[in-house]
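Please look over the structure shown here. The report that follows covers a strand residue, salt bridges, a helix residue and a helix pair.

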Amino acid sequence: MMEEQEHEQQEEQEEEDIGGPMLIGKLEEFGIPVSDIKKLIENGYHTVESVSYTPKKNLLAVKGISEAKADKILLEVLVAAKLVPMGFTTATDFHQQRAQIICITTGSKELDKLLGGGGMETGAITELFGEFRTGKTQICHTLAVTCQLPVNMGGGEGKCLYIDTEGTFRPERLVAVAKRYGMQEDQVLDNVAYARAYNTDHQTKLLIQASAMMSEHRYALLIVDSATALYRTDFSGRGELSARQMHLARFLRILMRLADEFGIAVVLTNQVVAQVDGQAAMFNPDPKKPIGGNIMAHASTTRLYLRKGRGENRICKIYDSPCLPEAEAMFAINTDGIGDPKEST
């Protein structure tokens, strides 16, 4: 009986190893002391992937990890044991991997169609930007519920992490969306982990905490609403521009690592600024651009520009994407979340 239970536990562990990230405790099998593993965990490294994706100098910054230990972890374990594939692969294999990517529905069929048919892509960063009242936060609230749906219903079968920097998170909106999909309200709310960020340093620390939570439970979505609001207040003037962009780049790099490591969908909202470039603005009918500069532009996989339409209708445009054509779609903000616009009679 005991042997059967051990065999079942071993099979479950093997399934976890194949289906998701490997917990950092596995390094103990390759001669890494438990004390060193604890040091890595305390510094935000909870999986084997998180260690393999980080530069050597970052490991050396961990107190108690010497250069010899860092070399042993990176070279002997990760390369020799081939725990994490980090070499070349064929385009055919990568194409097959892409075909298995899960997408999370936005609640609007038209918007899902614009995004390639399924919605927000997992393992990637999607940026929503636009002026106030264009539906950025409403899309986030709807996604926080739809990510919990089964895959065959357009969900990700996982929980949601919601980092709020502007104080606009409203659980009542989640309840309304849950009713629309016939989901249990209490269960939906329990599956959303919410945190309010108060400054840019706190915002980054929350991602370290998020990494620990993702290593313990299945999460499908990470929302940061908004990613740039605190940077506009914590850093001011051209004198602090370089420091702001470097801090923002580090924050976005952690987000990219989480998307790669756990295969979650990352959704950011971004604010806009009026473009006052003299003649350039004069001939531009919509002189607004997202803040964050080139660092934000390069970090986001897909950038969506939202603007107001008539009444409750909003327009979403593909601003930048590696595979989606430049196009627009109309969606509506309804009492039960994001949906398709009603046809006018």
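Predicted model: local features only at pLDDT ≥ 70, side-chain atom pairs only at ≥ 80, totals over all residues.

Residues are numbered from 1 along each chain as its sequence is written, and side-chain values use heavy atoms, with hydrogens and water left out.

**Arg307**

Arg307 has a relative accessible area of 25%, so it is partly exposed. It sits in strand β10 (residues 302–308). Helices (H or I, at least four residues) and strands (E, at least two) are DSSP runs, numbered from the N terminus. Which residues does Arg307 touch, not counting those up to four places away in sequence? They are Thr134, Arg314, Ile315, Lys317 and Glu328. Contact here means heavy atoms within 4.5 Å. Thr134 is 173 residues from Arg307 along the chain, yet their C-alpha atoms are separated by 5.3 Å.

**Salt bridges**

Side chains of opposite charge can pair when their charged atoms come close. A salt bridge is a side-chain nitrogen of Lys or Arg within 4 Å of a carboxyl oxygen of Asp or Glu. The whole structure holds 11 salt bridges. Three of them are listed here.

| Asp71 | Lys56 | 2.8 Å |

Take the Asp71 and Lys56 salt bridge. It links distant parts of the chain, 15 residues apart: Asp71 is in helix α5 (residues 67–80) and Lys56 is in helix α4 (residues 56–60). Asp71 has 27% relative accessibility, so it counts as partly exposed. Lys56 is partly exposed too, because its relative accessibility is 29%.

Glu326 has a relative accessible area of 63%, so it is exposed. Elsewhere, salt bridges that share partners join Asp36, Lys39 and Lys69 into one network.

**Ser211**

Ser211 belongs to helix α11 (residues 200–216). Its relative accessibility is 0%, so Ser211 counts as buried. Beyond its neighbours within four places in sequence, Ser211 is in contact with Gly44, His46, Arg257, Leu258, Glu261 and Phe262.

**Helices α8 and α9**

Two packed helices are described by the angle between their axes and the distance between the axes. Axes are lines fitted to C-alpha atoms, for helices over the stretch in contact, and angles run from 0 to 180 degrees between N-to-C directions. The axes of helix α8 (residues 136–146) and helix α9 (residues 171–180) come within 9 Å and cross at roughly 55°. That makes α8 oblique to α9. Angles under 35 degrees count as roughly parallel, over 145 as roughly antiparallel, 65 to 115 as roughly perpendicular and the rest as oblique.

On the α8 side, Gln138, His141, Thr142, Ala144 and Val145 take part. They meet Arg173, Leu174, Val177 and Ala178 in α9.

Technical notes. Buried < 20%, exposed > 50% of the residue type's maximum accessible area, 1.4 Å probe, protein only.
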